[in-house]
Amino acid sequence: MSMKRPAAAALAAAFCLLTAACGSSSGTANDTAGNAAGKAAGQASGYPVTLDNCGRKLTFEKAPDRVVVMNGASVAEVSTLLALGLEDKIVANQQGYGRSEVPGRADAIKKLPTGGITLNGAGDIPREAMLGLRPDLVLSVTSYGYEQKNGFATREQLQQVGANSYISPQGCDDDPSKMTVADSYQLLRDMGKIFHVGDRAEKLIAASEKKIAAVSGKTGTDKPPKVMVLFASPTGKTDFSLVFAKGIVNDILAGAGGVNAFEDSSETLFANVSKEKAATTDVDALVVIDAGGTDAEAYAKQLLKEFPQWPAARTNTYVTLSDSMYLGPSNDLAVKKIAEVLHPDAG
């Protein structure tokens, strides 16, 4: 779902929710063919490649083929790999959401290997288990996934056994409040570069940009609708403690021709909105996110009934979404679906 660590912690509260032999690599296509032939093969295949990641220089002599995807309350990383056709590179994936705006994606994620890992108290891969998976690349949505105090293998420890470690955009400082759709594109580009499938990444990015531009071109208005974006409550009771104020959702709303009704309520990703404030705010539309194990549709209808003074209640304007609202390769789907309810006459 591509939530950064602060969001992951909030959701947890809300929803009670390598050995060196494998890690070592060379730039050769065939170690027995000689250094000269190996270098030529490496150059011909586009390697080595390097990129900067959270102040660390990553160098790849070849495409990783033992990738471990940490949980981190995200599906951005595994969804990006799937979108690029790299599922065969994954030896252990801990991300999953159970639903997706992309047909077949949720099932495809369920079919990926998990590595048979017993997760730690943070719901992720502990240090020794990680090293036992013998990865050559580990993906984490934020730096949290490499903190020793949380029982995880550090980036230094992974490097010592020949594994590169990657932190997704805006994850260096665990601050998703600054995230935009451009970060989803950066994740695609980075994976495209690492696995030498940059052409695939650029095609996905270009297609997404084209779709969002087409939608945005039809939704221009001097008074964009005010939208409340929140999670469906797992208890079914009205809960405004996790209303989105900042982050990628605002960029998605802008693409769909809307604005966040509670953007000024917090400087962080979420705002804790009182029922009184919610009741006195003009909410023109609801975007309810199904975070798993909830009925987003029923919750949206419940809120519209409970707050009949909202313009959204009078017009029955809402949409339910899942993974397309987070960092990941499918933000254009969220833009399209939101625009359809905000501007039904746009076509």
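Buried means under 20% relative accessible area, exposed means over 50%, and partly exposed lies in between (1.4 Å probe, protein chains only). With that in hand, start with helix α14: N331, D332, A334, V335, I338, A339 and L342 are buried.

This is a predicted model, in which local features need pLDDT of at least 70 and side-chain atom pairs count only at pLDDT 80 or more, while totals for chains, interfaces and linings use all residues. Residues are numbered from 1 along each chain as its sequence is written, and side-chain values use heavy atoms, with hydrogens and water left out.

Helices (H or I, at least four residues) and strands (E, at least two) are DSSP runs, numbered from the N terminus. An α-helix has 3.6 residues a turn, so residues three or four places apart point the same way.

The length of α14 (residues 331–342) also checks out. The expected span of a helix is 1.5 Å times one less than its number of residues. For the 12 residues of α14 that gives 16 Å, and the end C-alpha atoms are 16 Å apart, which agrees.

What covers this face? The cover of the buried residues includes α8 (181–194), α9 (198–216), β7, α10 (248–255), β11 (285–289) and β12 (318–321). Contact here means heavy atoms within 4.5 Å.

Now take helix α12 (residues 296–306). Its buried residues are A296, Y299, A300, L303 and L304. They fall within an arc of 135° seen down the axis, so they line one face of α12. They pack against β7, β11, α13 (311–315) and β12.

**Strand β11**

Strand β11 is mostly covered, with 5 of its 5 residues buried. Both faces are covered: A285, V287 and I289 are buried on one side, L286 and V288 on the other.

Which strands pair with β11? Two strands pair if DSSP finds at least two bridges between them. Strand β7 runs parallel to β11, joined by 5 bridges. Strand β12 also pairs with β11 in the parallel sense, over 4 bridges. V288 of β11 stands opposite L230 and opposite T320 in β12.

Beyond β11 comes a loop. G293 lies in the loop between β11 and α12. This glycine is exposed, with a relative accessible area of 69%. Its C-alpha atom is separated by 10.0 Å from that of T235, 58 residues apart along the chain.

**Aromatic rings**

A pair of aromatic rings is described by the distance of the centres and the angle of the planes. Rings of Phe, Tyr and Trp (its six-membered ring) pair if their centres lie within 6.5 Å; planes under 30 degrees apart count as stacked, over 60 as edge-to-face and the rest as tilted. By this rule there are 7 aromatic pairs.

| Pair | Centre to centre | Angle of planes | Class |
|---|---|---|---|
| F231 and F244 | 5.3 Å | 50° | tilted |
| F244 and F270 | 4.7 Å | 50° | tilted |

F231 lies in strand β7 (residues 226–231) and F244 in strand β8 (residues 243–244), so their pair ties together parts 13 residues apart in sequence. F270 lies in strand β10 (residues 270–271), so its pair with F244 ties together parts 26 residues apart in sequence. F231 is buried, at 3% relative accessible area. F244 is buried too, at 3%, and F270 is also buried. Ring pairs link F231, F244 and F270 into a cluster.

Note on methods
The arc is that of the directions from the helix axis to the C-beta atoms.
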